[in-house]
Amino acid sequence: MVNFVGAGSGAEDLITVRGQRLLSEADVIIYAGSLVNPALLNNKKESCAVYDSAKLTLEEVIEIIKEAEAKGQNTVRLHTGDPCIYGAIREQMDLLNELGIAYAYCPGVSAFSGAASALKMEYTLPNVSQSVIITRMAGRTPVPDRESIASFAQHKATMVVFLSTGLLEELSEELVKGGYTKDTPAAIVYKATWPEEETHICTVGTLAQTAKQYNITKTALMVIGDAVAQGNYERSKLYDPTFTTEYRKASHSGEES
């Protein structure tokens, strides 16, 4: 069968235990060589055949899987981060369904989680932002009109922007068009959780300038919104001594009981 496996955000020890086991048992590994840390392949079987999907079309990937199936072999399709986000796995699964080839899906740590870790930030701060919008700029691949950056910016939620490092001037323009100010906090995270990780705090108005200053042209995420500043938030009710939960009664004195 085929196992779609999320490789994690970059660091080789951020793959799940299940994902690591599936890699070690695989007879064939097809991995996104332009994005996945090659160190993840260090524990594969000596007999395992490895293919870099950066050089392959969808049809060529499926042919490799069909050949493995004919030999009774297990295939791991190794995607960066968690493949449910910009992983192009649906089209692969649909073809496997047509061919009657069984598959499973092992989730991974997404780069947007890795970026928060790199920034030591919480995306959802009480009274600041309680929602996270994951999106990208329209480029060679379009996005639906209803999902434009400007339309999302109207919500003033925390926004994580993938696949847009080469479009930062346009990104800033769209964010401002939607309602963010040029002074809204922002961050650029380059190769989150990789050894060469970089984080740069800036503003909506200085995204392009910051990327140019640090020579960042690809493999980065942009985080937008007041949550980046990590300030002026309300304390969580969950651990507030004056707030009753299923497990603890409120203390009227404001002290833990």
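**Close-up views of salt bridges and a surface patch**

**View 1. Lys-66 and Glu-63 joined through their side chains.** In this predicted model, a salt bridge connects the side chains of Lys-66 and Glu-63 at 3.2 Å, N to O, the term denoting a side-chain nitrogen of Lys or Arg within 4 Å of a carboxyl oxygen of Asp or Glu. The two residues are three apart in helix 2 (residues 58-70), so about one helical turn separates Lys-66 from Glu-63; helices are DSSP runs of H or I with at least four residues and strands are runs of E with at least two, both numbered from the N terminus. Lys-66 is partly exposed at a relative accessible area of 34%, and Glu-63 is partly exposed at 39%, where buried means under 20% relative accessible area, exposed over 50% and partly exposed in between (1.4 Å probe, protein chains only).

Because the model is predicted, local features need pLDDT of at least 70 and side-chain atom pairs count only at pLDDT 80 or more, while totals for chains, interfaces and linings use all residues. Residues are numbered from 1 along each chain as its sequence is written, and side-chain values use heavy atoms, with hydrogens and water left out.

**View 2. Glu-174 and Lys-177 in helix 6.** A salt bridge of 3.0 Å, N to O, links the side chains of Glu-174 and Lys-177. Both residues belong to helix 6, where they are three residues apart, about one turn of the helix. Lys-177 is exposed, its relative accessible area being 60%.

**View 3. Glu-196 with Lys-191.** The closest N and O atoms of the salt bridge between Glu-196 and Lys-191 are 3.1 Å apart. Glu-196 counts as partly exposed at 34% relative accessibility, whereas Lys-191, at 15%, counts as buried. A search of the whole structure finds six salt bridges.

**View 4. A nonpolar patch of Tyr-86, Ile-134 and Leu-163.** These residues form a nonpolar patch on the surface, with about 280 Å² of accessible area together; accessible areas come from the Shrake-Rupley method with a 1.4 Å probe, and for residues only the protein chains shown count as cover. Patches are made of residues with over 30% relative accessible area and no salt bridge, like charges being joined within 9 Å and nonpolar side chains (Val, Leu, Ile, Met, Phe, Trp, Tyr) within 5 Å. Leu-163 is found in the loop between strand 7 (158-162) and helix 6 (168-178), and Leu-163 is exposed, with 57% relative accessible area.
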